[in-house]
Amino acid sequence: MPIPDDVTGEEIDQDVRQELLSLPKGLAEDVSRNLVMVARLIDEDPEAAYAYSRIALRLASRVAAVREAAGFAAYANQKFSEALAEFRAARRMTGGVELWPVMADCERGMGRPEKALEMAGAPEVQKLDKASQVEMRLVAAGARRDMDQLDAAIVTLQSPELASNSVQPWTARLRYAYADALLAAGREGEAREWFAKTVESDKDGSTDASDRLAEMDGVEFVDALVEDDEASTAVTAEPRVTDEHRDADDVEDVEDDADDEDDADDEDDEIESVTTHAVTDDADALDEDADDEDEDEDDAPHRPQS
């Protein structure tokens, strides 16, 4: 798979680079560049991260960091059986217990919550640091919920870390899990209180506690873009004049002008008709006067010639 030119392999942790020193220089560089791609893509594109992890695994399967990276890439793609195998291999190579909580969660993913609870009570848990112990508690509570033991899940999460007012990297996730368990048990009042506490501690927005809290309060979120579109449509007070409307108006105006011209022609015809009749009547009257004069001359006595 292609790797961007800006990825040099130097971006990985010093501990991982130390492990890769056992490989030839060119091979170590190829492996490290693939591991960088796994770390870059595991959240936004888990499938691509998984593909890069398989390349690194093919090149250096005897390196614990490579097996661990392959395990997390498989875990991100819900390939829990494969992830568990890689985590076990990495643990055998290092002898550490850091992967114990995620290994227990793989057991949950494979449908074996009882095995996850067994691991939660194992001596290895006592060797974990505080963050990993909290993670183990979250896995155990999840296993209880998988078994429909809601009250037991709530009790499992009740711990000094939950009651503490100090905000640690795990505080938001722990409070969120507790609030969600309370809500599942029907204890809505308490759940709302703990969702609110989660919001206070979740500075980087790693949970959706604010949305859950708003949902409980009956707040409905509306897409601002959709609202703006609807508003702009509703605000239109006058119809938009299209070219078709303008053409129709022009035709109507032409027709009105034609009607006005016809009316004017009719008026002119009427005036002409009236004038013609008047002239004709005057001519007839003159003819009648001329006839009368002729008749008068015929009726007059003839004077004798001298």
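## The largest pocket

On a 1 Å grid over the protein atoms alone, a pocket is an open set of points with protein on both sides within 12 Å along at least five of seven lines, and its lining residues have an atom within 4 Å of a point. This is a predicted model: local features need pLDDT of at least 70, side-chain atom pairs count only at pLDDT 80 or more, and totals for chains, interfaces and linings use all residues. Residues are numbered from 1 along each chain as its sequence is written, and side-chain values use heavy atoms, with hydrogens and water left out.

The largest pocket has 31 lining residues. D13, E68, A69, F72 and L99 lie nearest its centre. Two or more lining residues come from each of α1 (14-20), α2 (25-41), α4 (64-76), α5 (80-94), α6 (100-109) and α8 (130-146). Helices here are DSSP runs (H or I, at least four residues), numbered from the N terminus.

The volume is about 750 Å³, meaning the space filled by probe spheres (1.4 Å probe) set on the points. The lining holds 20 nonpolar, 3 polar and 8 charged residues. Ala, Val, Leu, Ile, Met, Phe, Trp, Tyr, Cys and Pro count as nonpolar; Asp, Glu, Lys and Arg count as charged; the others, Gly among them, are polar.

## The second largest pocket

This pocket has a volume of about 320 Å³. It is lined by 14 residues, with R108, L138, G142, R173 and A177 closest to its centre. α6, α8 and α11 (171-184) each give two or more residues to the lining. The largest share, 6 residues, comes from α8. By class, the lining has 7 nonpolar, 1 polar and 6 charged residues.

## α6 against α8

How do α6 and α8 pack? Their angle is about 10°, and their axes are 9 Å apart. Axes are lines fitted to C-alpha atoms over the stretch in contact, and angles run from 0 to 180 degrees between N-to-C directions. The two helices are therefore roughly parallel (under 35 degrees).

W100, P101, A104, D105 and R108 of α6 meet S132, E135, M136, V139, G142, A143 and D146 of α8. Contact means heavy atoms within 4.5 Å. These residues divide into 6 nonpolar, 2 polar and 4 charged.

## α8 against α9

Helix α9 covers residues 150-157. The axes of α8 and α9 come within 7 Å and cross at roughly 170°. They are therefore roughly antiparallel (over 145 degrees).

From α8, the contact uses R137, L138, A140, A141, R144 and R145. From α9, it uses L150, A152, A153, T156 and L157. The classes are 7 nonpolar, 1 polar and 3 charged.

How values were computed: Parallel < 35°, antiparallel > 145°, perpendicular 65-115°, else oblique.
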